[in-house]
Every structure is written in C-alpha cells, then in structure tokens.
Amino acid sequence: MLTSTNNAVEKEVIRIISKTKEIKADRLKAHKHLSQDFGFDTVDLVDIILELEKKFHITIPDEVPIDTVGDLLDFVATHSIRKAS
C-alpha cells in the first residue's frame, strides 16, 4: 500500500515540476539538479513549492535544501504520507 502511495506522490510531484518549464517527465530523474540541469531560477522553485504545498497540504520551510528533483520527491513523500495517516 505504501509503495502505491509513494508512486502516486512521485508522479504528481514530477508532473508539477515538468509543467513549470515544459520538461518531459522522463528527464526528471532524482539526481538531476533543478537549476544546473534544467535552468530553474528562484521564482520557478517558489512556484513549484507553492503548488506542492497546496496540492499535498504540507509546508516546505525555506531552510529545507532543495537542489535536486530527489530533494522535492523525498520531502513531499515523507511529509504527505505522515499527514495522511
């Protein structure tokens, strides 16, 4: 059950990231850097974070380091599941 939840969360996070700069979802690997590999700037990241917070009813604090696709996936997966249970 947990795996399917993680999978659904991962797909939604990837969808939100990919639509911000129209990047194909299959290019958004966990180890890819948002700014270096895809050219995201601070405004793009804020837009993504705001949408993730709204979608998953979580808060992503400014102190959380968000450098890679995996950083977003990990944070949302761990915090949205905890909220859901």
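**Exercise 1. The largest pocket**

Task: state the volume of the largest pocket, then describe its lining.

Solution. 
Step 1. The largest pocket has a volume of about 170 Å³. The model is predicted.
Step 2. General idea: rolling a probe the size of a water molecule over the atoms shows where empty space is left.
Step 3. List the lining. It consists of Thr 42, Leu 45, Val 46, Ile 49, Glu 53, Ile 60, Pro 61, Asp 62, Val 64 and Ile 66.
Step 4. Sort these residues by type. Seven are nonpolar, one is polar and two are charged.

**Exercise 2. The chain as a whole**

Task: how many helices and strands does the chain have, and what pattern does it follow along the sequence?

Solution. 
Step 1. Count the elements. There are four helices and zero strands.
Step 2. Read along the sequence. The pattern is α-α-α-α.
Step 3. The chain has 85 residues, and 38% of them count as buried.

**Exercise 3. Helix H3**

Task: compare the span of H3 with the expected value, then work out how its buried residues are arranged.

Solution. 
Step 1. H3 covers residues 42-56, which makes 15 residues.
Step 2. From first C-alpha to last, H3 reaches 21 Å. That is close to the 21 Å expected at 1.5 Å a residue.
Step 3. Pick out the buried residues of H3. They are Asp 44, Leu 45, Ile 48, Ile 49, Leu 52, Glu 53 and Phe 56.
Step 4. Look down the axis of H3. The buried residues fall within an arc of 165 degrees, so they line one face of the helix.
Step 5. Turn to the face that points away from the buried side. Exposed residues Val 43 and Lys 54 sit there.

**Exercise 4. The two ends of H3**

Task: which residue caps the N-terminal end of H3, and which residue follows H3?

Solution. 
Step 1. Start at the N-terminal end. Asp 41 is the cap. One of its side-chain oxygens lies 3.1 Å from the backbone nitrogen of Val 43.
Step 2. Go to the other end. His 57 follows H3. His 57 lies in the loop between H3 and H4.
Step 3. Check the backbone angle. Phi of His 57 is positive, near 55 degrees, and His 57 is not a glycine.
Step 4. Check exposure. The cut-off for exposed is over 50%. His 57 has 63% relative accessibility, so it counts as exposed.

**Exercise 5. Buried or exposed?**

Task: classify Glu 53, Val 46, Thr 68 and Glu 22 as buried, partly exposed or exposed.

Solution. 
Step 1. Recall the cut-offs. Buried is under 20% relative accessible area, exposed is over 50%, and partly exposed lies in between.
Step 2. Glu 53 is in helix H3. Its relative accessible area is 18%, so Glu 53 is buried. The side chain of Glu 53 reaches the backbone nitrogen of Ile 60 at 2.6 Å.
Step 3. Val 46 is also found in helix H3. At 41% relative accessibility, Val 46 is partly exposed. Val 46 and Asp 62 are 16 residues apart in sequence, and their C-alpha atoms are 9.7 Å apart in space.
Step 4. Thr 68 sits in the loop between H3 and helix H4 (69-84). Its relative accessibility is 13%, so Thr 68 is buried. A polar atom of the Thr 68 side chain lies 3.5 Å from the backbone oxygen of Ala 30.
Step 5. Glu 22 is in the loop between helix H1 (2-21) and helix H2 (34-38). At 75% relative accessibility, Glu 22 is exposed. Glu 22 is not a glycine, yet its phi is positive, about 50 degrees.

Note on methods. Residues are numbered from 1 along each chain as its sequence is written. This is a predicted model: local features need pLDDT of at least 70, side-chain atom pairs count only at pLDDT 80 or more; totals for chains, interfaces and linings use all residues. Side-chain values use heavy atoms; hydrogens and water are left out. The expected span of a helix is 1.5 Å times one less than its number of residues. Buried means under 20% relative accessible area, exposed over 50%, partly exposed in between (1.4 Å probe, protein chains only). The arc is that of the directions from the helix axis to the C-beta atoms. A polar contact is a pair of N or O atoms within 3.5 Å; within protein, one must be able to donate a hydrogen and the other to accept it, and residues adjacent in sequence count only if both atoms are side-chain atoms. On a 1 Å grid over the protein atoms alone, a cavity is a set of points where a 1.4 Å probe fits but cannot get out, and a pocket is an open set with protein on both sides within 12 Å along at least five of seven lines; lining residues have an atom within 4 Å of a point. Grid points are joined across faces, edges and corners, and a volume is the space filled by probe spheres set on the points. Ala, Val, Leu, Ile, Met, Phe, Trp, Tyr, Cys and Pro count as nonpolar, Asp, Glu, Lys and Arg as charged, and the others, Gly among them, as polar.
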